[in-house]
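Here is a short report on one helix and the aromatic rings around it. Please look over the sequence and the model before reading on.

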Amino acid sequence: MIKWHELMTGTKNWRQEKADYKQFKARVATLPADYQFVFKAIQDYLWQFADFTGYRMLAAQEDLLILFEDGMANDQSVYALTGDDVGDFADNIVRAVADTWLDERRQKLNRKVTNYRKR
């Protein structure tokens, strides 16, 4: 029997995911102040475009955190990574995630119509 949290989250191991997210937030907290500010600003922006589960945006944020950690380790300015137009940088992340999601939805729709036509 599917439990409510599996239905809502799509996962059986929500405790581990919660621990992983806390660890993720702790990693963000180790970034310099300017990196943290930009990361959190982008993160807030990204959540506006997340799907129901948010898994795709979490994966994108993990990639962003790795980019920022590497930039910090190489003594780069956060703006050397994002460019001056941080909004455009964030939009590119949204496009990458949303396009993947939209492609899947489009394919699902086409399969549904194709299966109907084959009846």
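## Terms and model

A residue counts as buried when its relative accessible area is under 20%. The model is predicted.

## Helix H3

Helix H3 covers residues 33-47, 15 residues in all. At 1.5 Å a residue, H3 should span 21 Å. Its end C-alpha atoms are 21 Å apart, so the two values agree.

The buried residues of H3 are Tyr35, Gln36, Val38, Phe39, Ile42, Gln43 and Leu46. Their cover includes helix H2 (14-29) and helix H4 (55-73). Helix H5 (78-82) and helix H6 (86-117) are also among the elements that cover them.

The whole structure holds 5 aromatic pairs. One of them joins Tyr35 and Phe68. Tyr35 lies in helix H3 and Phe68 in helix H4, 33 residues apart, so the pair links distant parts of the chain. Both Tyr35 and Phe68 are buried.

Phe68 also pairs with Phe39. Here the centres are 6.0 Å apart and the planes stand at 70 degrees. Planes over 60 degrees apart count as edge-to-face, so this pair is edge-to-face. Phe39 sits in helix H3, 29 residues from Phe68 in helix H4.

## Burial and the cluster

How buried are the two Phe rings' residues? Phe39 has a relative accessible area of 0%, so it is buried. Phe68 is buried too, with a relative accessible area of 0%.

Tyr35, Phe39 and Phe68 belong to one aromatic cluster, together with Tyr21 and Phe24.

Notes. Residues numbered from 1 in each chain as written. Predicted model: local features only at pLDDT ≥ 70, side-chain atom pairs only at ≥ 80, totals over all residues. Heavy atoms only, no water. Helix = DSSP H or I, 4+ residues; strand = E, 2+ residues; numbered from the N terminus. Expected span 1.5 Å × (residues − 1). Buried < 20%, exposed > 50% of the residue type's maximum accessible area, 1.4 Å probe, protein only. Contact = heavy atoms within 4.5 Å. Phe/Tyr/Trp six-rings, centres within 6.5 Å; stacked < 30°, edge-to-face > 60°.
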